[in-house]
Amino acid sequence: MPAFHTKTIHYILDPVAQQVSQLVILHEDAQQGRIMPDISAPVTAVCAAVQNLIAVGQQTVGHSKDEILKKDLPLTLDMVESSSKMLVESATGLKADSQSKKHLELLLNGARGYLLLTFDQGEVRKIVKSCTGVAEYIKVAEVVQTMDDLVTFTKNLSPGITSMTKMVETRYQDLTNPSHASILAAENDQVKQALPLLLSSMKAFVTFRRDKKKGEAEAQENRNYIVQAMGESLAEIIRVLQLTSQEEVMMALAAETGSAKGTMAGGLLMGSLAAKVHSAKELVSQTGTNAQTNKAGIQAVEAVLEEARRIAKTLPADRKAVIEGLCDELESLKKELAMLQSSGQGDSARAHAIATALNSKMDELQMKLREAITRKVAEDFMDPVGPLNALTEASRAPLNAPARAENYVKRVTDFQDHSKKMADTAVALAKSGIVTDKNLADSLLLTAGKLKAVAPQVVYAAKIVYENPDSKEAKEHYDMLKEDYQKQVQKLTKLVDSGLDTVEFLKASESMLRDELEAARTITKAGTDPQSAFKHIATAARTANRVVAVVQGESENSEDPAFKTELASSSQAITAAIGPMVTSAKTCIQQGGSATAHHEFCVKAENLAKAVHDVYNVVDTHHNPPPPPPPPPVEEAPERPPLPAEPEVPPRPPSPELVEVVPLQSVDPIGYAAHKLDKDAKQWEDNEMVTTARRMAKLFMQMSKFARGEEGEVHSKKDFINTARMIAKESEDVVKMARKVADACTDKRMKRAILQLVDKLPTISTQLKIIAAVKATRQGGDDAAADREATEMLTDNAQNLMQAVSEVLFATEAATIRVPPDQRATLGLQWVKKGARTL
């Protein structure tokens with residue numbers, strides 16, 4: 001399906017489409033018997049607007065080496081030029097006879113012709129050809145055996161990759177689809193970062209092969225892995241370059257990486273545990289409605305159970321047992337409800353009581369999983385690169401070091417286990433529903449996968465160093481892979497921190513810290529196991545340092561000076577308390593049960609725990625401010641004389657209501673999306689953004705009826721085109737309101753999230769106007785295939801725009817909380833969930 005892929009095409013087509021829209025309206029007016037005005041001026045404007053397109057096309061043909069483009073584009077340009085001639089002839093004929101059927105038909109055909117465009121397929125083919133060439137050449141790496149071959153390979157490959165990555169970079173910067181652009185940018189960076197790793201692994205392989213040293217096989221494994229990884233990135237670049245709709249890329253991502261598929265009501269990620277719980281609760285609450293709903297509800301509960309049990313497998317035994325126990329209780333309730341439904345008692349009082357219990361149990365399960373995952377993140381990311389540093393030290397130990405082999409094997413196992421834990425925990429976080437940002441969830445899944453993939457390569461490189469501790473080449477190669485691993489760990493840690501609720505993380509960290517300190521107090525008092533005591537003390541110290549790092553990130557994310565000052569002070573208190581705790585613990589262990597030393601350790605340990613609790617309080621108060629105090633009682637004053645009467649201000653008109661039955665998605669996808677947007681917006685009491693979003697939903701519903709040939713408030717192509725323009729105007733208003741909140745928000749992540757969302761709206765809404773013009777030229781014509789294609793384009797665009805507006809609503813509400821109270825009133829947006837009181 002054609003799509004307006006790039007900003008360049010977008011800028012060319014927009015003025016053309018606006019002029020074409022006017023011509024379509026004039027044609028429709030004439031068909032209805034209205035007097036046809038002189039259209040010479042608008043025709044001249046259209047012809048002038050399209051000359052830029054023709055000139056660019058002819059210039060492209062003259063310089064291109066793409067034979068397909070040189071063959072196809074001139075035909076398209078001829079069609080465009082033919083359309084110009086039709087319009088000129090139409091204008092001349094209609095000036096003489098405003099009702100001439102021949103010239104009215106020429107008018108419409110000419111308007112259609114401008115929108116039959118061959119887009120930039122030639123440019124795509126050129127980039128694909130470059131990517132294919134690089135992909136083919138990197139396979140040569142597997143046959144490079146000598147240093148001379150390596151030099152030749154490097155000289156040939158480096159310029160090609162530099163040129164290709166620049167072409168891809170230029171392309172993704174021009175794309176209008178942010179999903180496509182994001183994937184291309186990420187994979188392009190991967191190719192650039194992989195090149196030095198590839199050359200390093202090849203150099204190690206060639207060196208150890210030449211010198212007949214151990215490590216040749218491991219270097220070969222590194223090389224083959226990097227060749228494969230680069231090939232996969234290049235294949236992904238080629239695939240995304242050729243995609244033509246956002247829906248295709250989302251489906252492809254979902255199929256290949258298990259990524260989040262979008263958002264649903266409440267801002268939940270589709271496919272996440274939270275979204276599954278939300279759907280299951282809605283369906284279970286409707287028990288007894290009909291057999292189909294009953295079956296769907298039971299299946300939804302089963303999906304919740306499957307996901308919860310999968311996540312439970314990644315948890316420690318004690319927390320795993322809690323989750324599995326809740327799952328067993330949920331399973332029992334589900335079976336009882338299913339039995340009642342199957343016996344025709346799905347609407348009985350007992351069935352509704354079980355449904356209520358099921359929903360309550362699912363809420364409890366979700367809460368316990370959230371707590372368990374947050375605690376696991378605190379544990380697994382407490383010391384992200386510690387096992388890597390230990391592996392590095394073990395691999396570089398001198399050949400005569402005591403227990404060298406045993407220590408190395410242990411460090412390899414620890415490193416592999418730790419890498420897997422971090423990756424698995426990140427995946428559990430992404431799929432739990434704690435993360436509500438789709439891009440963040442996808443990044444967590446992608447980065448976790450890359451960490452898992454690179455960890456074995458680090459082990460191979462470490463073994464090369466272990467076998468050749470004095471080899472400069474071995475150490476250099478290991479350092480490069482170590483650096484790559486560290487980058488992935490740092491990125492994953494940052495993503496995990498962004499995805500977690502900071503308050504919940506600090507609460508879990510404090511709990512973990514107190515557990516470690518209590519264990520250390522018990523052991524040091526008995527004076528029997530100094531090694532275990534040291535282990536607990538070290539874990540407590542690392543936990544405190546991790547809290548400091550998270551607090552530093554919280555400070556960097558904030559633009560609130562008072563909050564940053566509080567964070568700095570409380571963070572310094574933690575740092576100041578770590579050293580004395582560790583020192584007093586060592587003294588206590590060395591003195592073997594001294595009551596005085598043990599008391600001193602207990603005091604220092606409590607000081608550290610209190611410092612961590614204090615920083616938790618600072619962040620909690622900032623994120624969850626207490627409600628404002630009630631206003632002071634007003635003292636009675638003497639009656640004042642009445643004020644002069646003022647003209648009454650008319651009340652704000654209520655939000656439009658969609659009274660229609662919810663459309664089936666398979667029959668009316670635009671109408672279905674409109675109802676979803678309206679449902680999302682109706683969660684709040686009316687404010688300016690909410691009512692704007694609901695107006696957009698109603699306008700889209702009207703467009704959908706006309707596009708499907710149904711009676712409605714849109715009666716003509718003119719109405720259809722104007723409705724698209726009205727939606728685009730409403731979209732502009734949403735952008736302005738959201739930007740105003742973003743400017744005042746002191747949370748940089750929330751600010752960035754809003755701006756990323758609203759940046760999509762102008763492009764999508766402008767595309768809507770272009771596509772509406774395309775649809776208007778096709779509606780009621782004799783080309784059913786072209787009309788169907790235009791409807792598909794309209795559907796895709798409408799769904800994207802409404803989804804984006806829904807996401808802006810949730811992001812703006814969240815960001816409003818981070819607007820200073822004295823500025824909040826000036827925004828004109830008060831967010832009150834229906835049934836809740838104003839904060």
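Predicted model: local features only at pLDDT ≥ 70, side-chain atom pairs only at ≥ 80, totals over all residues.
1. Residues are numbered from 1 along each chain as its sequence is written, and side-chain values use heavy atoms, with hydrogens and water left out.

2. On to H12 itself. Helices here are DSSP runs of H or I with at least four residues, strands are runs of E with at least two, and both are numbered from the N terminus. H12 covers residues 317-342, and its 26 residues should span 38 Å at 1.5 Å a residue; the expected span is 1.5 Å times one less than the number of residues. The end C-alpha atoms are 37 Å apart, which agrees.

3. Which residues of H12 are buried? They are Arg319, Ile323, Leu326, Cys327, Leu330, Glu331, Leu333, Lys334, Leu337, Leu340 and Gln341. Buried means under 20% relative accessible area, exposed over 50%, and partly exposed in between (1.4 Å probe, protein chains only). These buried residues pack against helix H10 (273-284), helix H11 (291-312) and helix H13 (349-380), where a contact means heavy atoms within 4.5 Å.

4. Two of those buried H12 residues, Glu331 and Lys334, turn up again in a network of salt bridges that links Glu302, Arg309, Asp328, Glu331 and Lys334. For a salt bridge, a side-chain nitrogen of Lys or Arg has to be within 4 Å of a carboxyl oxygen of Asp or Glu. The structure holds 52 salt bridges.

5. Take lysine 452 and aspartate 424, a salt bridge whose closest N and O atoms are 2.9 Å apart. The pair links distant parts of the chain, with lysine 452 in helix H16 (residues 438-467) and aspartate 424 in helix H15 (residues 404-432), 28 residues apart. Lysine 452 is partly exposed at a relative accessible area of 41%, whereas aspartate 424 is buried at 17%.

6. Aspartate 424 has another partner worth a look: its side chain makes a polar contact with the side chain of lysine 420 (2.7 Å). A polar contact is a pair of N or O atoms within 3.5 Å; within protein, one must be able to donate a hydrogen and the other to accept it, and residues adjacent in sequence count only if both atoms are side-chain atoms. Lysine 420 is in helix H15 and is partly exposed, with a relative accessible area of 48%. Its C-alpha atom is separated by 8.3 Å from that of leucine 451, 31 residues apart along the chain.

7. Lysine 751 forms a salt bridge with glutamate 559, with 3.6 Å between the closest N and O atoms. Lysine 751 lies in helix H25 (residues 748-758) and glutamate 559 in the loop between helix H19 (530-557) and helix H20 (561-590), so the pair ties together parts that are 192 residues apart in sequence. Here lysine 751 is buried at 15% relative accessible area, and glutamate 559 is partly exposed at 40%.

8. Then there's arginine 695 with glutamate 730, a salt bridge with its closest N and O atoms 2.8 Å apart. Arginine 695 is in helix H23 (residues 688-707) and glutamate 730 in helix H24 (residues 717-744), 35 residues apart. Arginine 695 is partly exposed, with a relative accessible area of 34%; glutamate 730 counts as buried at 11%.

9. How many disulfides are there? Searching the whole structure finds zero, taking a disulfide as a pair of cysteine sulfur atoms within 2.5 Å. Cysteine 602 is in no disulfide, and the nearest cysteine sulfur, that of cysteine 588, is 7.3 Å away. Cysteine 745 is buried, at 1% relative accessibility.

10. The overall fold: 28 helices and zero strands. Buried residues make up 50% of the 839 residues. Among contacts between residues at least 6 apart in sequence, 75% join residues at least 24 apart.

11. Finally, confidence. pLDDT, the predictor's confidence in each residue from 0 to 100, has a mean of 83, with 77% of residues reaching 70 or more. Among the elements, helix H9 (residues 246-257) has the lowest mean pLDDT (40) and helix H14 (residues 386-395) the highest (96). Over residues 245-261 the pLDDT is below 50, and this stretch has 39 contacts in the model beyond near neighbours in sequence.
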